[in-house]
Amino acid sequence: MPFLLEILMRSFLRSSTVAIFALVSIVATGLAQDAPQAGKVILTVSGNIHPADKSESVQFDRAALEALGTVAIETNTPWFKGPVKFEGVPLDKLMQSVGAKGERVVVVALNDYSSEIPMEDFAKYNAILALKRDGEYMPVRDKGPLFVVYPYDTNPELKSQKFYGRSVWQVAKLIVK
């Protein structure tokens, strides 16, 4: 009987070890798929732009966006409880970097949801294209990798459906018109 018990215990331990390893692998793979790969394009800007290289569109990976310079804003939003710290590129600066000449920008999400934003919003309200929330890069499943954010607490006008509707998450494209 003790011999049979020992065999059952060893079998159970092997099965448990395999199951734990499989679970860790699945979780790690899921997290890796959420995080943008180094060098992977996460934003394309097109439309009425005039980049230095005369191309029709400009593509950015995370490092290229961050190289433009980032700022942080802390604000309350309708999507999260309490104040949230967002870090990202000022949209006004991003538009300048691609030589944008237009009056509005169509922001397109990964699921093709879109919203049109007057370009003057970017400088007037200091809107950013956020990459991080509370110090962490935002995964796709949680409004990332890019999210248009206004500093809602700085101006009562910004705490309205008009501006919440312009706050597109999972941003993939900006089209200047």
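Visitor: Which residue lies over the face of Tyr-137?
Guide: In this predicted model, Arg-62 lies over that face, at 3.7 Å from the centre of the Tyr-137 ring.

Visitor: And what sits over the ring of Phe-163?
Guide: The charged end of Arg-166 sits there, 4.9 Å from the centre of the Phe-163 ring.

Visitor: Turning to rings with rings, how many aromatic pairs does the structure hold?
Guide: There are 12 aromatic pairs. One of them joins Trp-79 and Trp-169, with ring centres 5.6 Å apart.

Visitor: Where do Trp-79 and Trp-169 lie?
Guide: Trp-79 is in the loop between strand 3 (71-75) and strand 4 (84-90), while Trp-169 is in the loop between helix 5 (161-164) and strand 10 (171-176). The pair therefore ties together parts that are 90 residues apart in sequence.

Visitor: What about Tyr-150 and Tyr-152: buried or exposed?
Guide: Both Tyr-150 and Tyr-152 are buried. Their ring centres are 6.2 Å apart and their planes are at 45°, so this pair is tilted.

Visitor: Which residues do ring pairs link into a cluster?
Guide: The cluster consists of Trp-79, Phe-80, Phe-86, Tyr-125, Phe-147, Tyr-150, Tyr-152, Phe-163, Tyr-164 and Trp-169.

How values were computed
Residues are numbered from 1 along each chain as its sequence is written. This is a predicted model: local features need pLDDT of at least 70, side-chain atom pairs count only at pLDDT 80 or more; totals for chains, interfaces and linings use all residues. Side-chain values use heavy atoms; hydrogens and water are left out. Rings of Phe, Tyr and Trp (its six-membered ring) pair if their centres lie within 6.5 Å; planes under 30 degrees apart count as stacked, over 60 as edge-to-face and the rest as tilted. Helices (H or I, at least four residues) and strands (E, at least two) are DSSP runs, numbered from the N terminus. Buried means under 20% relative accessible area, exposed over 50%, partly exposed in between (1.4 Å probe, protein chains only). A charge sits over a ring if NZ of Lys or CZ of Arg is within 6 Å of the ring centre and within 35 degrees of the ring normal.
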